[in-house]
Amino acid sequence: MDALVSIRVQPSCARSLGVSPPQTRFEPSAKPLFRHFPLRSTAIRPAAASTEKLRASVIMEAGGFDYEGRKFKSAEEMWTEEIGKEGDVHKRKEWYRQGLGYWEGVEATTNGVLGGYAHVNDADIKGSEAFLKMLLAECFPGGGRDRDLVALDCGSGIGRVTKNLLIRFFSEVDLLEPVSRFLEAARQSLVPESGTAIENKATNFFCVPLQEFTPDVGRYDVIWIQWCIDHLADDDFVSFFMRAKAGLKPGGLFVLKENIATSGFALDEEDRSITRSDTYFKELFHRCGLHIFKSKDQRGLPEELFAVKMYALTPDAPKRVHNTRAKAQANRPGIIK
Ligand SMILES: C[S@@+](CC[C@H](N)C(=O)[O-])C[C@H]1O[C@@H](n2cnc3c(N)ncnc32)[C@H](O)[C@@H]1O
């Protein structure tokens, strides 16, 4: 059975799969994944018309904070400080190295990848399942049951989302995760030696970060990105989605599930992540040429946590429905051939 499971390590990943990085820092509940952050409303709302210029200014002018209480006037100011100006390769590398370093010190369990909040797993999966079912019903004939659907689980960690959700709805699921120890844990739980129930559905295991990944053209019906895009700088966010669009089949979708800041952004220096507001995300989607097909708030999470939102995104522009014409046509008698 193992022979059918290919583990593909992209060359950009320094670590090889079977070799775990040094595990010097195991902190089972090191940092809650979701931290309530006292965000004040510093975002400047665009005035009436949403011109390109206005849209661009939303991000530039939305202020934010870090967990030490440091205030940034704008995202631009924060990114210049964190990853430097364009061409400052060293600072950017350092941002990603420290982000990964954080996760390399976390235990490979549900509690580990959920920052000590293992108990939110059920509510999270339930919310995701309802959202996914609705998308499958609306986007794929027969809810996708008559097709061999393929998904990609990005920043998969130990494969929690794949195992609890995606594997039940897709014929094949690929996993992408830069921490080799997490990916190996995912492989072990999804591809058991004896190989029965979920055998061979988890197909490829990519040990690579999102900012270095390019999917095979037209492979995926759904690309699922949960609780990991917060590690990407804005420009890498945009270029990831631009590359990943080519990985979607016609009619395919991205599902992005992420923490949402009340306004502006919250920077976490410890794991090198940024929690963005809904407005901030929408501006980035616009820059990626993506449209929101559906969005939904995740319910049932503890109050102290950030709000969590699910976005279904499509590269296809929404179809214009000419209501009057459609109605007029519907009222016409049908032609009997
Ligand atoms: C909070 S965990 C979420 C894991 C999984 N998505 C889940 O919901 O169970 C964040 C994951 O993002 C991964 N990650 C960190 N930086 C990343 C990057 N640049 N590209 C892709 N994944 C990254 C971490 O290694 C970790 O597995």
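1. Ground rules. Numbering starts from 1 along each chain as its sequence is written, and because the model is predicted, local features need pLDDT of at least 70, side-chain atom pairs count only at pLDDT 80 or more, and totals for chains, interfaces and linings use all residues. Side-chain values use heavy atoms, with hydrogens and water left out.

2. Confidence. The mean pLDDT (the predictor's confidence in each residue, from 0 to 100) is 81 for the protein, and 74% of the residues reach 70 or more. Residues 1–57 fall below 50, yet beyond near neighbours in sequence this stretch has 125 contacts in the model, a contact being heavy atoms within 4.5 Å. Residues 326–337 also stay under 50, and there the model has 0 contacts beyond four places in sequence. Where pLDDT is low, the predicted coordinates should not be read in detail.

3. Helices (H or I, at least four residues) and strands (E, at least two) are DSSP runs, numbered from the N terminus. Strand β5 (residues 172–176) has 4 of its 5 residues buried, so the rest of the structure largely encloses it; buried means under 20% relative accessible area, exposed over 50%, and partly exposed in between, with a 1.4 Å probe and protein chains only. Strand β4 (residues 150–154) runs parallel to β5, joined by 5 bridges; for pairing, DSSP has to find at least two bridges between two strands. A151 has V173 in β5 as its bridge partner. From β4 the chain crosses through helix α6 (residues 160–169) to β5, and this β-α-β crossover is right-handed, that is, clockwise from the first strand over the helix to the second with the strands pointing away from the viewer. β5 also pairs in the parallel sense with β6 (residues 202–206), over 3 bridges, and there V173 has A202 as its bridge partner.

4. Helix α7. This helix (residues 180–190) is mostly covered, with 8 of its 11 residues buried. Among the buried ones are F182, L183 and L190, but also R181, E184 and R187.

5. The ligand. There are 21 residues around the ligand, and the closest are G155, R160, E177, Q211 and Q226; to count as near, a residue needs a heavy atom within 4 Å. R160 places a polar side-chain atom 2.7 Å from an oxygen atom of the ligand. E177 has a side-chain N or O atom 2.6 Å from a ligand oxygen. With L210 the backbone is involved: one of its N or O atoms lies 3.0 Å from a nitrogen atom of the ligand.

6. Strand β8 and its partners. In β8 (residues 248–260), 10 of the 13 residues are buried. On the parallel side, 6 bridges join β8 to β7 (residues 220–226), with W224 opposite V255. β7, helix α8 (residues 234–245) and β8 form a right-handed β-α-β unit. Strand β12 (residues 307–314) runs antiparallel to β8, with 7 bridges between them, and K257 is partnered by M310.

7. Take a look at W227, in the loop between β7 and α8: its phi is near 50°, a positive value in a residue other than glycine. W227 counts as buried, at 9% relative accessibility. What does its side chain contact? The partner is the side chain of N259, in a polar contact at 2.9 Å; the term covers N or O atom pairs within 3.5 Å, where within protein one atom must be able to donate a hydrogen and the other to accept it, and residues adjacent in sequence count only if both atoms are side-chain atoms. N259 sits in strand β8 and is buried, with a relative accessible area of 2%. N259 and Q298 are 39 residues apart along the chain, with 9.7 Å between their C-alpha atoms.

8. The four-stranded sheet. An open sheet of 4 strands has the order β3-β2-β9-β10, with mixed pairing. Its edge strands are β3 (71–72) and β10, each pairing on one side only. Strand β2 (residues 64–66) and β9 run parallel over 3 bridges, with D66 opposite L267.

9. R272. This is another spot to check by eye: R272 lies in the loop between β9 (265–268) and β10 (273–276). Its phi is near 55°, a positive value in a residue other than glycine, and at 13% relative accessibility R272 counts as buried.
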